[in-house]
Amino acid sequence: MALTRSFKETVKARAAQDPVFRVALLEEALEAFVNADLETGKVLLRDYVNATLGFEELGARLHKSPKSLMRMLSTEGNPRANNLFAVVSHLKEREGLRFDITLHGRQPQAKGLNTQVDL
């Protein structure tokens, strides 16, 4: 039986209707990056961009070439940290979000060390 919609169209339709789904895509991408899974993070971030503002608008907002952004988030892409964080920063601001990283597990106690990081 043939599918009536492509995966990309399905994700885009769901993201348009469900802000919780949109935020979850972005959150999962960031979690993948923090856990050193660059490939999964790029795929999820690319899905988020395709489902929301698109690469043309993202490129215009960041003053970057849309094709360069697409390459950056492709499976072969090797984004520089400053470019990747610029994309993430714009997307989280667009959603009105602030992400916190909380360490779990056994943590050594150090005087004056704050183990929470705001993104």
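Where in the chain is the place of His63?

**Figure 1. The loop that holds His63, in a predicted model.** This legend and those that follow describe a predicted model. His63 has its place in the loop between helix 4 and helix 5. Its phi angle is near 60°, a positive value in a residue other than glycine. With a relative accessible area of 73%, His63 is exposed, because exposed residues are those over 50%.

**Figure 2. The protein chain as a whole.** The protein chain contains six helices and two strands. Followed along the sequence, these elements give the pattern α-α-α-α-α-α-β-β. The chain has 119 residues, of which 34% count as buried. Among contacts between residues at least 6 apart in sequence, 50% join residues at least 24 apart.

**Figure 3. Ala36, in the loop between helix 2 and helix 3.** Although Ala36 is not a glycine, it has a positive phi of about 65°. Is Ala36 buried or exposed? Its relative accessibility is 73%, so Ala36 counts as exposed.

Figure 4. An α-helix has 3.6 residues a turn, so residues three or four places apart point the same way.

**Figure 5. The crossing of helix 1 and helix 3.** The axes of these two helices come within 8 Å and cross at roughly 65°. That angle makes helix 1 roughly perpendicular to helix 3, because angles of 65 to 115 degrees count as such. The crossing of helix 1 and helix 3 is right-handed. On the side of helix 1, the residues in contact are Phe7, Lys8, Val11, Lys12 and Ala15. They meet Asp47, Asn50 and Ala51 in helix 3. Sorted by class, this contact of helix 1 with helix 3 has four nonpolar, one polar and three charged residues.

**Figure 6. Glu9 of helix 1 and Asn50.** Glu9 is found in helix 1. At 47% relative accessibility, Glu9 counts as partly exposed, because this class lies between the limits of 20% and 50%. How many residues apart in sequence are Glu9 and Asn50? They are 41 residues apart in sequence, and their C-alpha atoms are 9.3 Å apart in space.

**Figure 7. The packing of helix 3 with helix 4.** The axes of helix 3 and helix 4 are 7 Å apart, and the two helices pack at an angle of about 95°. Helix 3 and helix 4 are therefore roughly perpendicular to each other. From helix 3, the contact is made by Arg46, Val49 and Asn50, and from helix 4 by Gly54, Phe55 and Leu58. These residues of the contact of helix 3 with helix 4 divide into three nonpolar, two polar and one charged.

**Figure 8. Thr52, in the loop between helix 3 and helix 4.** Thr52 has a relative accessibility of 18% and therefore counts as buried, because the limit for buried residues is under 20%. Which residues does Thr52 touch, not counting residues up to four places away in sequence? Thr52 touches Arg22 and Arg94. The C-alpha atoms of Thr52 and Ala15 are separated by 6.9 Å, and these two residues are 37 residues apart along the chain.

Figure 9. Helix 6 has 15 residues, which should span 21 Å at 1.5 Å a residue. Its end C-alpha atoms are 21 Å apart, in agreement with that expectation. Which residues of helix 6 are buried? They are Asn83, Leu84, Val87, Val88, His90, Leu91, Lys92 and Glu95. The elements that cover these buried residues include helix 2, helix 3, helix 4 and helix 5. Just after helix 6, Gly96 takes a positive phi of about 75°.

Methods. Residues are numbered from 1 along each chain as its sequence is written. This is a predicted model: local features need pLDDT of at least 70, side-chain atom pairs count only at pLDDT 80 or more; totals for chains, interfaces and linings use all residues. Side-chain values use heavy atoms; hydrogens and water are left out. Axes are lines fitted to C-alpha atoms, for helices over the stretch in contact, and angles run from 0 to 180 degrees between N-to-C directions. Helices (H or I, at least four residues) and strands (E, at least two) are DSSP runs, numbered from the N terminus. Angles under 35 degrees count as roughly parallel, over 145 as roughly antiparallel, 65 to 115 as roughly perpendicular and the rest as oblique. A crossing is left-handed if the near helix is turned anticlockwise from the far one by less than a right angle, and right-handed if clockwise. Contact means heavy atoms within 4.5 Å. Ala, Val, Leu, Ile, Met, Phe, Trp, Tyr, Cys and Pro count as nonpolar, Asp, Glu, Lys and Arg as charged, and the others, Gly among them, as polar. Buried means under 20% relative accessible area, exposed over 50%, partly exposed in between (1.4 Å probe, protein chains only). The expected span of a helix is 1.5 Å times one less than its number of residues.
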